[in-house]
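Subject: Structure handover and findings

Dear colleague,

Please find below the structure that I am passing on to you.

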Amino acid sequence: MNTSIPSAPPSRGPSDHDVRTQVVDAATEYFARYGYEKTTVSDLAKAIGFSKAYIYKFFDSKQAIGEVICANCLNGMRQAVDEAIADATSASDRFRRMFRAFVDAGTQLFFEDRKLYDIAAAAARGPWPSAQAYERYIEDLVVRIVREGRESGEFERKTPLDETAGAICLVMKPYVNPLLLQYNLEGAAEATSLLASLVLRSLAP
């Protein structure tokens with residue numbers, strides 16, 4: 001654990017932004033080791049060398065710290081999805097890549113940073129603002145792909161766009177929502193491939 005953080009802020013020390021970053025970095029390391037649910041602000045303050053009162057100067061609760069960490073995790077997953085679909089050759093290809101990338105990113109976080117995955121699951125359970133923003137990102141991305149497919153003639157145009165996108169999001173939810181993915185990891189890769197094919201067949205003109 002990083003113990004280099006000073007126990008009290010120097011009179012002409014780091015800016016508020018720098019201190020917040022220090023707290024988040026140290027909390028990320030601590031939560032990754034001991035878990036979010038079992039950690040209190042007092043535990044965190046003792047571990048990183050700040051007083052509890054000083055941490056509350058920058059974050060009003062443990063959830064507020066977890067919210068920043070969760071947002072960082074989910075932003076990393078969004079980046080992975082964006083990179084996976086960047087050079088897709090068609091709307092159908094983009095949809096398959098998107099679905100697979102969501103599952104791959106969530107699975108990787110689950111197995112490599114399980115304690116941090118638990119924060120993402122807690123956020124989805126909340127739901128926290130970061131989880132709500134992530135859900136809106138998924139919904140917006142699905143709308144864009146469906147619209148792209150309709151404009152290119154790949155997908156049918158009769159069903160209302162919002163109805164189509166909403167149904168697709170419901171199909172994807174067990175595999176892209178961190179709270180639900182943990183119960184669907186077994187066979188997730190095969191399941192998402194089959195579901196992607198089913199969705200694309202339903203979208204055919």
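The model is predicted: local features need pLDDT of at least 70, side-chain atom pairs count only at pLDDT 80 or more, and totals for chains, interfaces and linings use all residues. Residues are numbered from 1 along each chain as its sequence is written, and side-chain values use heavy atoms, with hydrogens and water left out.

Overall fold

The protein chain has ten helices and zero strands, where helices (H or I, at least four residues) and strands (E, at least two) are DSSP runs numbered from the N terminus. Along the principal axes, its C-alpha atoms fill a box of roughly 65 × 35 × 25 Å. Of the 205 residues in the protein chain, 43% are buried; buried means under 20% relative accessible area, exposed over 50% and partly exposed in between, with a 1.4 Å probe and protein chains only. Contact means heavy atoms within 4.5 Å. Among contacts between residues at least 6 apart in sequence, 69% join residues at least 24 apart.

Core

The largest nonpolar core holds 68 residues, and F31, F95, M98, F102 and M172 touch the most other members. Such a core is a set of buried Ala, Val, Leu, Ile, Met, Phe, Trp, Tyr and Cys residues joined through side-chain atoms within 4.5 Å. Helix 5 gives the largest share of this core, ten residues. With neighbours within four places in sequence left aside, F31 is in contact with Y36, T39, L44, K62, I65, I69, K115, L116 and I119.

G66 is a residue of helix 4 and is buried, with a relative accessible area of 0%. Not counting residues up to four places away in sequence, G66 touches Y36, I119 and W128. Its C-alpha atom is separated by 8.3 Å from that of V24, 42 residues apart along the chain.

Helix 10

Helix 10 (residues 188-203) has 16 residues and reaches 22 Å from its first C-alpha to its last, close to the 22 Å expected at 1.5 Å a residue. The expected span is 1.5 Å times one less than the number of residues. Buried residues of helix 10 include A188, A191, T192 and A196. The buried residues of this helix pack against helix 5 and helix 8.

Pockets

A pocket is an open set of points on a 1 Å grid over the protein atoms alone, where a 1.4 Å probe fits, with protein on both sides within 12 Å along at least five of seven lines; lining residues have an atom within 4 Å of a point. The largest pocket has about 330 Å³ of space, a volume being the space filled by probe spheres set on the points. Its lining has 18 residues, and E135, I138, K173, V176 and N177 lie nearest the centre. Helix 6 (114-125), helix 7 (129-152) and helix 8 (161-176) each supply at least two lining residues.

The second largest pocket has a volume of about 190 Å³. It is lined by 13 residues, with G76, M77, A105, Q108 and L109 the closest to its centre. Helix 4 (62-85) and helix 5 (91-112) are the elements that give two or more residues to this lining, and helix 5 provides the largest share, six residues.

Yours sincerely
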